[in-house]
Amino acid sequence: MVVIGAGLAGLSAACYLVGRGYDVTVVESEELPGGRAGVRHKDGFTFDTGPTVLTMPDLIDDAIRAGTGDPSAALGDLLPMRRLDPAYRACFADNSTINVRFGREAMRDEIAQTCGSLDAAAFDEFVDWLRRLYLIEMPNFIDRNFDSPLGLLSSPRALVRLALLGAFGRLGAAVRKRFADPRLHRLFSFQAMYAGLAPESALALYAVITYMDTIEGVWFPEGGIHAVPTIMAQVAEKAGVSFCYGDAVEEVLRSPTGRVAGVRTASGERFMADAVVCTVDLPTAYQHLLDDLRPPQAARSGQYSPSAAVWHVGVRGVPGPPVAHHNIHFGTEWNTAFDALLNRGELMPDPSRLVTVPSLDDPTLAPDSCTTLYVLEPVPNLNGKINWSTEAAPLRERLHTFLAAQGYPSEVITEDLVTPLEWHAQGMAAGTPFALAHTFSQTGPFRPSNVERRLPGMFFAGSGTVPGVGVPMVLISGKLAANRVAVYLPGRAP
């Protein structure tokens with residue numbers, strides 16, 4: 001069994017597969033595990049180069065337990081972690097602030113103090129609604145393989161319950177009808193951007209993303225998010241998984257009968273296997289590894305999520321209160337900003353931005369009296385109208401001006417700006433790390449499948465396939481791919 005890629009999806013798949021008795025080799029082109037959850041060390045600063053928001057760590061626990069066979073194993077026992085409170089500091093154009101607190105009572109009190117008693121009273125029903133959505137969607141539609149759209153009909157009661165909860169209405173409207181304060185409308189619906197959608201067009205069923213971070217909480221592992229794949233790789237290796245680093249897969253080998261037979265790497269090494277789980281971005285995998293097969297419709301002409309410009313910057317100075325670990329700065333514009341980004345392929349006229357300050361909670365990530373910053377602005381993917389060879393420098397200057405205006409330290413010591421061009425160079429289709437957008441026609445059984453039936457033994461995991469984008473989803477994708485392998489090779493350890 002070969003897994004291509006030692007990112008979170010590949011490591012999850014490897015843990016589930018080795019736990020079932022398969023002989024697993026993970027082949028990774030980089031010199032260390034992580035994939036999109038990578039790390040960069042520069043001038044004494046440490047930068048997470050991928051996700052910075054960690055939610056649902058129990059999904060990592062599940063993979064670790066599957067790999068070790070220890071039902072009590074947990075990430076927290078192997079890696080010091082803390083729950084962030086506040087999970088976010090939300091800053092608005094009128095200079096007001098709302099902290100997203102952990103726990104129902106704490107958040108209700110925060111809303112009461114900032115938005116009033118009526119919205120505070122509405123919060124309890126909102127939490128109950130989110131939890132009901134989550135409990136229906138997770139087992140029936142997220143943590144599940146589908147062979148066709150008809151599979152949706154196998155859970156008719158779940159579909160009816162979702163319909164009764166308003167899950168097939170629009171997320172923006174669902175939030176607005178519960179809260180009066182427009183700041184809460186943004187705070188509880190911006191998560192649709194993770195799915196590549198505007199809140200006004202996203203289905204309300206995507207409120208489960210809001211549930212994952214706003215209700216279940218946001219965590220920070222010591223050393224940054226990259227520490228998570230590092231630990232997962234150690235667990236997998238101890239359980240018997242072999243790793244080959246620094247050698248990219250260049251070919252999926254075929255047997256004379258047209259089945260998967262293994263992989264060949266750039267160095268010429270061959271790893272023979274009866275099945276392969278590929279976590280390369282799915283359109284890229286078809287282009288470079290499966291170029292004789294016509295890609296799925298969505299991979300050929302689907303709608304991709306917007307991208308992100310990320311400025312990794314090390315600065316002199318340390319921010320004081322009220323700066324939090326994660327800080328969302330909402331622009332004045334909202335619907336018009338999404339229209340520019342998603343419909344016209346233009347930069348947001350008044351962008352909302354995320355500033356993450358990991359060195360606040362782990363000072364080892366920056367030199368003394370310095371700060372590590374991660375500044376993200378949503379931008380069009382490469383299908384948009386932006387010429388990034390000329391726009392990168394002006395964007396960097398705008399981000400620098402923004403940091404100073406918002407009171408962050410802004411004396412730059414070291415920096416790297418990642419635009420859609422850099423994401424594309426890393427093998428991400430359309431220059432976006434967020435893959436295909438979660439439109440209805442690209443969700444669940446309509447998303448590119450995690451099994452390639454024209455090439456028996458070929459499976460996929462990662463954000464380009466089911467269930468989709470985000471750390472929780474790619475961890476589940478590894479599990480779903482392992483389940484596919486177990487059906488294809490029952491009771492065998494290839």
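Student: How many helices and strands does the chain have?

Tutor: This is a predicted model, in which local features need pLDDT of at least 70, side-chain atom pairs count only at pLDDT 80 or more, and totals for chains, interfaces and linings use all residues. Residues are numbered from 1 along each chain as its sequence is written, and side-chain values use heavy atoms, with hydrogens and water left out. Helices (H or I, at least four residues) and strands (E, at least two) are DSSP runs numbered from the N terminus. Counted in this way, the chain has 16 helices and 20 strands.

Student: What is the radius of gyration of the chain?

Tutor: The radius of gyration is taken over C-alpha atoms, and the globule rule is 2.2 Å times the number of residues to the power 0.38. For 494 residues that rule gives 23 Å, and the chain comes close to this value, so it is as compact as a globular protein of that length. The radius of gyration of the chain is 22 Å.

Student: Which residues touch the most other members of the largest nonpolar core?

Tutor: A nonpolar core is a set of buried Ala, Val, Leu, Ile, Met, Phe, Trp, Tyr and Cys residues joined through side-chain atoms within 4.5 Å, where buried means under 20% relative accessible area, exposed over 50% and partly exposed in between, with a 1.4 Å probe and protein chains only. The largest such core holds 125 residues, and those that touch the most other members are Val24, Phe188 and Val277.

Student: Which helix gives the most to this core?

Tutor: The helix that gives the most to this core covers residues 117–142 and supplies 13 residues. That helix is helix 5.

Student: Which elements do the buried residues of helix 10 pack against?

Tutor: Helix 10 (residues 227–238) has twelve residues, and its buried residues include Val228, Ile231, Met232 and Val235. Contact means heavy atoms within 4.5 Å. The buried residues of helix 10 pack against helix 1 (8–19), helix 2 (58–68), helix 3 (75–78), strand 8 (219–221), strand 9 (242–245) and helix 16 (471–488).

Student: Is Gly172 buried or exposed?

Tutor: Gly172 lies in helix 7 (residues 171–176), and, leaving aside its neighbours within four places in sequence, Gly172 is in contact with Pro199 and Glu200. The relative accessible area of Gly172 is 5%, so Gly172 is buried.

Methods:
The expected span of a helix is 1.5 Å times one less than its number of residues.
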